[in-house]
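Colleague: I have not worked with this structure before. Could you show me how to read its main features?

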Amino acid sequence: MADPILRLENLNKHFGGVHAVKDITFSLEQGELAGLIGPNGAGKTTVFNLITGVYSPDAGSIVFKGEDIASRKTYEVVSRGVARTFQNLRLFPRSTALENVMTACQQHFRYNFFEALTHMGRWRNNEKSIKKMSLDLLERVGLLEVAEQAAGTLPYGHQRRLEIARALALQPELLLLDEPAAGMNPEEVHVLNGLILNIHRDFNLTTLVIEHHMEVIMEICPHIICMNFGEKIAEGDPEHIQNNPEILKAYLGEEVEE
Amino acid sequence: MSGYLEGIIILICINSIAAMGVSLLTGFTGIFTLGHAGYMAIGAYTAAILTVRHHVPWLVAVLAAGTLAMVIAYLIGVPTLKLMGDYFAIASIGLGETIRLILENWQSFTRGARGFPGIANYTTLPVAAAFFLGMLILMRFLINGNYGRAFKACRDDFVAASLLGFKTAHYRVLSLAISGFYCGIAGGLMAGFLTYLQPIMFDMQKSTELTAVVVFGGLGSLSGSIIGTAVLGIVTEVFRPISQYRMLIYGAIMVIIMVARPEGIMGQHEIGPKLLRSLFSRKTVNEVDGTHG
């Protein structure tokens with residue numbers, strides 16, 4: 001079997017006295033669509049922050065495409081092909097939807113400072129390419145009609161999809177989605193599932209999804225990792241996870257009782 | 001045109017150039033500064049010393065003034081822009097005052113508080129207007145493109161910006177350096193307009209004024225910064241006969257703007273075809289809302 005695209009090994013992170021991530025080890029194969037689940041405060045988002053270089057781990061390694069990126073800066077990780085969305089949206093609210101995506105697209109169509117200052121040289125063609133690619137992505141997530149609206153004024157579900165479009169604009173190989181269905185109703189979740197599956201296939205991605213909505217994870221992720229109190233407590237396919245007593249106790253059990 | 005009116009226009013052109021620099025830093029990159037008069041002072045004294053003592057042609061001297069201010073801004077920016085939010089604003093007060101105090105106390109080089117006389121009057125109206133227009137076009141071009149989007153990304157959310165692959169520290173320092181260049185050029189032109197310099201001209205009040213016009217013009221609007229500068233310049237002249245009450249009038253105008261237009265005179269809009277279009281489309285949106293209601 002080929003080397004995994006992403007491998008976390010004995011990853012640890014403390015915040016003061018809190019052991020937020022404890023000896024986490026798992027790996028993702030090229031092209032996998034995996035889910036990361038766990039109760040609130042289990043350390044899922046911290047794992048994302050460690051992978052993307054927002055935090056640096058206290059111990060352990062993060063190997064992406066054969067290279068240890070654990071001590072890399074955020075922008076270095078991104079330039080290697082990792083993109084993510086955020087649990088609490090982090091769009092540029094005053095810019096239009098189009099500008100939000102263009103801000104990410106411009107990484108692929110570069111021109112230098114003097115071309116930017118004079119609008120000569122590659123400026124015209126590259127700006128055109130940036131705009132075209134951004135509009136294509138907006139169309140892909142169904143936001144073409146609101147391209148010129150300020151991102152902050154869009155409905156919540158649209159903002160979530162805009163974040164996905166912006167992350168895709170980086171042309172990543174690994175896409176990390178942090179609770180993409182948060183705050184969505186069942187129909188919206190259903191549409192989102194379709195979107196995630198489609199982009200995962202069409203953009204040749206390896207995708208890792210954090211989610212509380214079990215219908216998202218169980219439906220679309222063949223590979224699930226479950227965390228609680230910073231530790232990995234189970235890993236496997238949906239069936240394995242659903243029948244694991246440890247998880248029922250830690251997480252699913254509480255939901256079933258309701 | 002009378003010399004008096006000409007003088008007012010030249011002054012507004014010069015101050016607008018400085019305000020454009022502050023607008024880039026504060027309005028588009030989100031870094032508040034209360035010390036940019038310091039970079040104007042560096043520019044003014046550089047141009048003055050180069051033209052008077054070393055007989056450098058004035059155009060070269062003005063460009064050198066901008067360049068030196070830019071280099072100093074860059075050197076200051078590398079260590080200090082690690083400070084986020086209000087902390088940089090506070091540090092910038094100290095930095096601006098430090099520059100002024102150095103100029104005041106380096107007697108052998110700047111003549112200190114006695115002032116620096118005898119500068120040639122090279123900033124005529126065509127010169128000031130040409131610099132104003134040229135630098136306005138360059139700044140608009142810069143903002144309308146990849147650098148502009150990067151600056152705005154750093155302003156709106158620097159974590160998201162870095163996760164889109166931007167070296168945010170790099171863009172913050174670059175923004176400060178460019179704003180230093182604009183203020184340096186403005187200072188160099190100021191030297192050739194006033195023909196006499198004193199360090200006290202570039203005190204904290206001048207710094208506050210630069211940031212104030214940018215805020216009241218509208219953060220994130222270049223035209224707003226220029227309108228703000230023009231309004232302030234005209235108010236200063238109109239009320240010159242009762243100049244002892246000038247600060248009172250300033251204060252009143254700022255309160256009025258704050259109440260009437262909390263997002264600044266222009267908000268985030270620029271004067272141009274796009275504004276007309278957005279005004280028009282806003283009207284249609286309201287109409288649509290009306291039918292819904």
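Predicted model: local features only at pLDDT ≥ 70, side-chain atom pairs only at ≥ 80, totals over all residues.

Colleague: Let us begin with chain B. How many helices and strands are there in chain B?

Modeller: Chain B has 13 helices and zero strands. Along the sequence, its pattern is therefore α-α-α-α-α-α-α-α-α-α-α-α-α.

Colleague: How compact is chain B for its length?

Modeller: Compare its radius of gyration with the value from the globule rule. For chain B the radius is 20 Å, close to the 19 Å that the rule gives for 293 residues, so chain B is as compact as a globular protein of that length. Taken along the principal axes, the C-alpha atoms of chain B fill a box of roughly 70 × 50 × 35 Å. As for burial, 49% of the 293 residues of chain B count as buried. Among contacts in chain B between residues at least 6 apart in sequence, 81% join residues at least 24 apart.

Colleague: How is a pair of packed helices described?

Modeller: Two packed helices are described by the angle between their axes and the distance between the axes. Take α6(B) and α9(B), the latter covering residues 168-194: their axes come within 11 Å and cross at roughly 175°. An angle over 145 degrees counts as roughly antiparallel, so α6(B) is roughly antiparallel to α9(B).

Colleague: Which residues in α6(B) and α9(B) meet?

Modeller: From α6(B) there are Ala128(B), Phe131(B) and Met135(B), and they meet Tyr182(B), Ile185(B) and Leu189(B) in α9(B). By type, the residues of this contact divide into six nonpolar, no polar and no charged.

Colleague: Now chain A. In which order do the strands of the four-stranded open sheet stand?

Modeller: The order is β2-β1-β4-β5 in chain A, and the pairing is antiparallel. At the edges stand β2 and β5 of chain A, each with a single partner strand, so one side of each has no neighbour in the sheet. Helix α1 of chain A, residues 44-51, packs on this sheet and touches β1, β2 and β4 of chain A. The direction of α1 makes about 65° with that of β2(A).

Colleague: How many bridges join β1(A) to β2(A)?

Modeller: Seven bridges join β1(A), residues 6-15, to β2(A), residues 18-28, and the two strands run antiparallel. One pair of bridge partners is Phe15(A) with Val18(A) in β2(A). The hairpin of these strands has two residues between them, and Gly16(A) in the hairpin takes a positive phi near 60°. On to the next pairing: β1(A) is joined by five bridges to β4(A), residues 59-64, again antiparallel. There, Glu9(A) has Ser61(A) in β4(A) as its bridge partner.

Colleague: What joins β4(A) to β5(A)?

Modeller: Two bridges do, and these strands run antiparallel. Val63(A) stands opposite Asp68(A) in β5(A).

Colleague: Is Asp68(A) buried or exposed?

Modeller: Count the other C-beta atoms within 10 Å; a residue with 12 or fewer is exposed. Asp68(A) has 12, so Asp68(A) is exposed. Asp68(A) touches Ser61(A), Ile62(A) and Val63(A), not counting residues up to four places away in sequence. Asp68(A) and Leu6(A) are 62 residues apart along the chain, and their C-alpha atoms are separated by 9.7 Å.

Colleague: What is the strand order in the six-stranded open sheet of chain A?

Modeller: The order is β6-β7-β8-β3-β9-β10, with mixed pairing. β6 (82-84) and β10 (231-236) of chain A are the edge strands, each with a single partner strand, so one side of each is left without a neighbour in the sheet. On average, neighbouring strands of this sheet are turned by 20° against each other, direction ignored. β6(A) pairs with β7(A), residues 174-178, in the parallel sense over three bridges. Within that pairing, Ala83(A) has Leu175(A) in β7(A) as its bridge partner.

Colleague: Finally, how many residues does the contact take from chain B and from chain A?

Modeller: The contact takes 20 residues from chain B and 27 residues from chain A. On the side of chain B that touches chain A, α6 (125-143), α7 (146-156) and α8 (158-162) of chain B are the elements that give two or more residues. The most come from α7(B), with six residues. By type, the residues of that side divide into ten nonpolar, five polar and five charged.

Notes
Residues numbered from 1 in each chain as written. Chains lettered and ligands numbered in written order. Contact = placed C-beta atoms within 7 Å. Nonpolar A, V, L, I, M, F, W, Y, C, P; charged D, E, K, R; others polar. Pairing = 2+ DSSP bridges. Axes fitted to C-alpha atoms, helices over the stretch in contact; angles between N-to-C directions. Parallel < 35°, antiparallel > 145°, perpendicular 65-115°, else oblique. Buried ≥ 20, exposed ≤ 12 C-beta atoms within 10 Å, placed from the backbone. Rg over C-alpha atoms; globule rule 2.2 N^0.38 Å.
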